Each structure stands twice: as structure tokens, then as C-alpha cells.
Amino acid sequence: GALLVNERIDREELCGALSPCSLSFEIVVENPLELYSGTVEIQDINDNDPVFPSSQARLEISESVAAGARFPLESAQDPDVGINSLQTYQLSANPNFALEVQTRVDGSKYAELVLEKELDREEQRELNLVLTALDGGSPPRSAHVQIHIDVVDANDNAPVFNQSTYKASVRENTPSGTLVARISAYDLDDGPNGDIVYSFSSHTPTKVRELFALDSATGELRVKGQLDYEEAKLYEIYLQAKDKGAVPGVAHCKVLVEVVDVNDNAPKVTVTSVYSPVPEDAAPGTVVALLSVTDLDSHDNGLDSGSPPLSAVKHILVQVSDVNDNAPRSSQDSYDVYVPENNVPGIPILNVSATDPDLGRNAHLSYTLLQGDIAFGHLFSINRENGTLYLLTSLDHEDQVEFSMMVQVQDGGIPPLATNVSVSVFVTDLNDNAPTVLYPHPNTTATYTDVVAPGTPAGHMVTKVVAVDADAGYNAWISYTLLQATDPSLFSVGLHNGEIFTARQLREDDAPEHTLVILLKDHGEPVLSTSATISISVAEMVKEVLTDLSDVAPASDPRRHVTFYLILAVILVSAAFFITMLSVGIFKCYKWRQSKELYNSSRSTTYRTPGPFHHIDAVRGGFTPPSFYHQVYLTTDSRQSDLLCKKPFTSSPLGSRQGTIRNGEPGLYHQIVGTASRLPTPAE
């Protein structure tokens with residue numbers, strides 16, 4: 001029930017000179033339902049200095065003016081009220097004038113100069129005084145104005161008003177130009193000294209000058225601006241009459257203008273909502289809203305009985321709220337997202353879209369990532385408000401190809417309803433791995449020399465460069481070219497298999513030692529490459545080569561027995577691998593036969609190759625359990641195969657119905673690299 005200040009309060013901006021300054025409000029109390037009215041009074045602080053209309057005032061006073069004459073001075077304005085408003089004036093010390101402070105009906109102060117000692121122009125032609133305005137704050141604020149008095153020869157007679165105070169009443173909203181009052185003054189002098197000009201006194205507030213206009217020749221006071229009873233009920237207007245003499249005589253009067261209220265404000269209906277929106281199961285008689293009516297007019301005009309009467313109509317919109325009986329609905333049950341590897345962390349990769357036909361909080365949806373794997377929390381994040389799925393880190397196709405997760409969409413009802421959407425993220429391959437040479441090994445200090453016999457005919461395979469590429473698809477296809485050779489005409493290299501052949505028959509005059517530099521390039525964009533160096537010796541027997549190498553070989557190798565054990569280990573591992581693969585093949589064949597009919601019923605899901613291939617043999621492989629589907633692509637030249645896998649997030653007897661792998665994204669291929677060597681013929 002605490003009432004707090006919502007923003008800075010400026011009393012002068014809210015109420016101006018009106019005091020007290022108050023704001024009204026209404027409070028609704030429930031259980032039981034009651035309505036209370038309250039008022040906050042805004043108290044003034046001394047935050048404004050008095051301000052004079054100008055920094056200098058000039059007066060012309062005749063030397064014939066008798067002692068006791070009064071001269072009103074320009075009033076300072078202070079928007080503060082009460083004790084903080086303008087309280088008094090002070091005049092600098094001088095031998096001729098005293099200062100008297102007068103109070104208006106509304107409590108505002110103005111100052112008058114009182115001549116205590118008659119002026120003598122022959123003794124002093126002018127006087128300079130300082131008028132200071134002070135408010136009642138602590139400490140008080142002040143303002144100063146310089147008063148310059150010219151002593152001149154003046155008229156013997158000053159104008160005289162036929163009455164010192166005029167009273168008039170005018171209805172608010174009176175049209176501009178309406179006559180309010182006519183003032184009149186006379187002057188016994190003749191000629192210009194007797195011609196009278198009417199004007200507002202110098203201390204008349206600016207607001208009064210904006211609302212009223214005075215005819216300087218006739219003294220008619222007319223309405224100029226828009227009068228509002230609710231803003232001010234009474235105006236105290238100070239006027240003066242001045243003749244046209246060399247030293248004009250001046251007379252002063254005031255006009256009290258009373259503003260009469262008219263019924264110009266229609267009633268205002270305020271609706272305080274208590275029980276809206278109304279649930280559809282609300283009982284009859286349920287309170288929907290409280291109504292209060294106010295009218296800014298006074299007396300009968302404020303009781304809804306003005307003449308003519310004004311009325312107000314208020315339309316009340318009653319909303320009917322529903323119950324949370326609809327779960328969120330996603331535009332699709334599952335999403336397949338393809339992301340290239342080496343992505344920029346923090347990018348959005350998917351926007352899960354869902355709707356809820358309920359209203360209000362029952363339709364406010366929140367998205368949560370159900371993490372089957374705890375590591376997913378470091379990889380993926382979802383915006384709780386809009387369902388945008390973000391990738392938090394950079395993925396590597398060679399580390400993991402597919403991620404499967406579940407997104408839960410939940411509304412804000414009580415109790416909440418939710419639905420789950422499966423999301424599969426596939427990492428597509430980029431050419432970020434250069435070919436790796438397996439033979440000859442690039443990081444060893446040992447020298448590998450291949451031997452070829454003199455007179456070997458053309459087309460003889462001498463050795464083979466063995467290399468792999470960690471990428472997949474096109475990015476893993478390796479081509480081999482001869483970059484540098486001791487005799488470029490003697491050897492050639494297979495473009496796709498890395499096999500090194502003799503290009504012609506070896507002659508006796510050929511060099512005994514040959515060094516070949518082979519360039520290996522993949523087919524990615526951009527192309528990545530590496531090189532391998534091959535040493536070939538031309539000799540009758542291997543023994544000759546070993547003799548030539550004896551100088552660089554160590555005298556004794558303490559690890560010479562290790563070779564035997566390594567060969568034995570390779571044989572044992574190869575045998576175990578062969579038995580394992582044979583068992584897996586028999587098991588898969590058995591499973592394939594069981595799922596053949598079920599697979600034929602779900603062949604509507606199609607898969608396509610990653611693009612046009614040249615010299616490709618496509619072989620459809622055997623089938624794994626119903627939730628898997630394989631295609632195998634074999635290249636006849638490079639002995640590589642691309643294995644294409646699609647695994648749905650949840651197993652289904654009909655396989656995946658979530659969509660196909662679009663355009664055979666290269667990121668879903670696994671590369672199998674094999675090597676083959678040609679056995680020597682009996683003649684060789």
C-alpha cells in the first residue's frame with residue numbers, strides 16, 4: 001500500500017502560482033471491494049530565484065513633484081509560492097527616496113518609490129538606485145535591477161482616474177475582443193500635457209498581458225486570450241494613465257476581473273479494472289470493474305446538471321480468457337541441419353518454430369534443449385524466447401559427423417503443456433586437410449631406396465607412393481604428378497594411384513641413382529597439396545645396393561631383432577581382423593535377410609550422390625537394422641570408397657521419415673582408403 005514517487009516532481013510546472021498544489025488519485029481495495037479517494041499535496045521548495053523583467057529601469061520625475069509622491073516599480077517574478085515566494089524589496093541608500101512594499105489581493109508583493117525630499121534638477125540631474133528583490137527562503141534568493149531616474153521639468157497636473165478600483169465579471173471561454181471594462185482619467189493641463197495614454201503598469205504579470213488587451217486611447221479593456229475558470233478565478237490588473245507632457249504625469253488604478261464558470265467540461269468516467277479478463281467459467285454476478293465520475297466545473301456544472309448539460313460515454317471492453325488446453329505445435333516434427341565444419345562459433349544454425357492457439361501466458365512459449373549427452377551443453381545453446389539454436393564452438397567433420405538432440409517447447413500455462421522436436425545436426429566436410437604421405441615416411445631419417453634392374457622394360461612398376469587424406473568425398477581424392485626427376489623421361493607416375501612405372505626401357509648409360517619428387521594434390525577448394533621424395537637405384541642385385549649403402553648404415557643395430565617381432569605382430573593382428581570382419585559380414589547378411597521385406601516397404605526415402613562422378617561404380621551394399629541405410633561408392637582408379645550413412649534420431653520400424661540427405665552433403669561421407677600392390681610374375 002506504499003505510495004511512491006514515480007518521477008521528479010516540479011510544483012511550478014504542475015500548478016504554477018496555484019496554491020496549495022495537489023494531485024488526486026483513487027485506490028481500489030479488494031476483499032472486500034472498496035474505493036478510496038486520496039490527495040497528495042505538493043509542497044514548494046525554494047528552487048527559483050526572483051527575476052525582474054529587465055536588468056535596468058528608467059524613470060522620469062519632474063522636479064515639481066511634491067514629497068510623498070509614489071512611483072510603482074517593475075515587480076520581480078518568483079514562481080515559488082508561500083514563504084519561498086517574493087517577500088520584500090530593498091532600495092540602495094539615497095537622500096530623496098524611500099521604498100514601500102505593497103501587497104496585492106493574491107498576496108504577491110510589489111514596490112513603490114516614495115519621494116521623501118523634493119527633487120532639484122539644478123542640484124542633481126539624475127539618480128541611480130539599485131532595487132533588490134528577496135524571497136523568504138533560507139538562505140534567501142535575490143535579484144537586482146538598476147533604476148535610473150532622470151529629473152526633468154514636469155507637468156503641473158497629473159492625470160486623475162475617476163475611481164481607483166474597477167470591478168468586472170466575464171464568463172470563461174468568452175470570445176476574443178469582448179469588452180471587459182472601460183477606465184477613464186482626466187488631466188487639467190492643456191495640449192500634450194493634457195492628452196492621456198492608457199497602458200498596463202510595469203509590474204503587470206506577463207500572463208495578464210496575454211489574456212487582456214488595453215486600448216491606449218479609449219481605455220477599453222478587452223479579452224485577448226482564452227479564459228479558463230479552472231485555471232484562475234480572479235485577475236487583478238494594474239493600469240496607468242500618462243499624459244504627453246515633457247515630464248508626463250502618471251496616475252494608477254486597478255481592475256478586478258472575476259471569471260464566471262460555464263459548463264465547458266464534460267464528465268470524465270474512470271474505469272478501474274478489477275476482474276478482467278474474465279475466465280469463461282466465471283459465475284454470474286462477478287464484479288468486472290469499478291466506475292468513478294469527475295467533472296472539473298464548479299457548483300451545479302460539476303454535478304452533471306449544467307445548462308446545457310454535458311455527458312460522457314465510456315465503452316468497457318470485457319475480455320474472456322481461456323484455459324490452457326492446447327499444447328504447443330511445431331511446424332515440423334524434426335529438423336535436419338547441415339553445418340560446414342570449421343564454422344565461426346556463436347552462429348545461429350536453426351530456428352525452431354512453434355505456435356500455441358491459446359491466449360496470453362498460455363500461449364507464451366519457451367524453448368529448452370534436452371541434452372541427452374552432457375557434452376552438448378558446450379556445443380549447442382538455444383534462445384529460450386525465440387527458439388534460435390546456436391552453435392557455440394567450431395565443429396570438425398573428422399571428429400564427429402552427426403549430433404542428435406531434442407528441443408522441448410513449453411507454454412506458460414498452469415500446469416504447462418509441452419511438446420518435443422528432434423533435431424539432427426550434420427557436419428559437412430571442408431577441404432581443411434592436405435594429403436598425408438604414408439610411404440615413403442616423410443618424418444624419418446632412414447633412407448628408403450627402391451631398386452630396379454638394368455634393362456627393365458617400359459611399364460614396369462618400380463614402387464608406389466601411399467597417401468591418405470582425412471577429408472571426405474571430392475576433398476579426399478588424391479592425384480599424383482611427377483614434379484621433379486633426375487631423368488624425367490625414365491619414370492612416370494599413375495595419376496590416381498601413385499604407382500611409379502618405367503616410361504621406357506632402362507639403358508646402360510642411364511644414371512645409377514635417381515631421385516623423384518612426386519606432387520600429391522586433393523580435389524578440394526582450395527586445392528591442398530604435399531610432396532614425397534623417392535630414391536631409385538639401378539642395380540643387378542639388391543646386394544649391390546646394400547653394399548653402396550653400407551657406408552651410411554650403422555655398424556651394428558641393437559634393435560635388429562625387433563623387426564621379427566613386428567612382422568609377427570602384424571600377421572597376428574591381420575588374422576584377428578580378418579576373422580572379425582568375416583563374423584560381422586555373416587551377422588549383417590543374416591540381419592539383411594530379416595529386414596529385406598521391411599526395407600522394400602520404406603524405399604520412398606531416397607538418397608543421392610554428392611554430384612556427378614567420372615568413372616564411378618555404384619554398388620548398393622547390404623542392409624543393417626531397419627533404422628540404417630547405406631550406399632557405397634567405389635572409384636575404380638584410386639581404390640577409394642565413400643560410405644553414406646543416415647541415422648534417424650529415434651529408431652522406427654519404417655526407418656527415417658524426416659527427410660533425405662539433401663544433395664548428398666559431402667559432410668556425411670566416410671572415406672575408406674585402401675592400397676594394392678602388384679605381385680611379381682614368376683619371370684620377375
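Q: Why is asparagine 343 called buried?
A: In this predicted model, asparagine 343 has a relative accessible area of 8%. Buried means under 20% (exposed is over 50%, partly exposed in between, with a 1.4 Å probe and protein chains only), so asparagine 343 counts as buried.

Q: Which residues is asparagine 343 in contact with, leaving aside neighbours within four places in sequence?
A: Leu391, Thr393, Ser394 and Leu395; contact means heavy atoms within 4.5 Å.

Q: What makes S6 and S7 a pair?
A: Strands are DSSP E runs of at least two residues, numbered from the N terminus, and two of them pair if DSSP finds at least two bridges between them. S6 and strand S7 (residues 109-115) have seven, in the antiparallel sense, so they pair. Phenylalanine 97, for one, has leucine 115 in S7 as its bridge partner.

Q: Why are S4 and S6 called edge strands?
A: The open sheet runs in the order S4-S7-S6, and strand S4 (70-72) and strand S6 (97-103) each pair on one side only.

A few ground rules: residues are numbered from 1 along each chain as its sequence is written. Local features need pLDDT of at least 70, side-chain atom pairs count only at pLDDT 80 or more, totals for chains, interfaces and linings use all residues, and side-chain values use heavy atoms, leaving out hydrogens and water.

How values were computed:
Helices (H or I, at least four residues) and strands (E, at least two) are DSSP runs, numbered from the N terminus.
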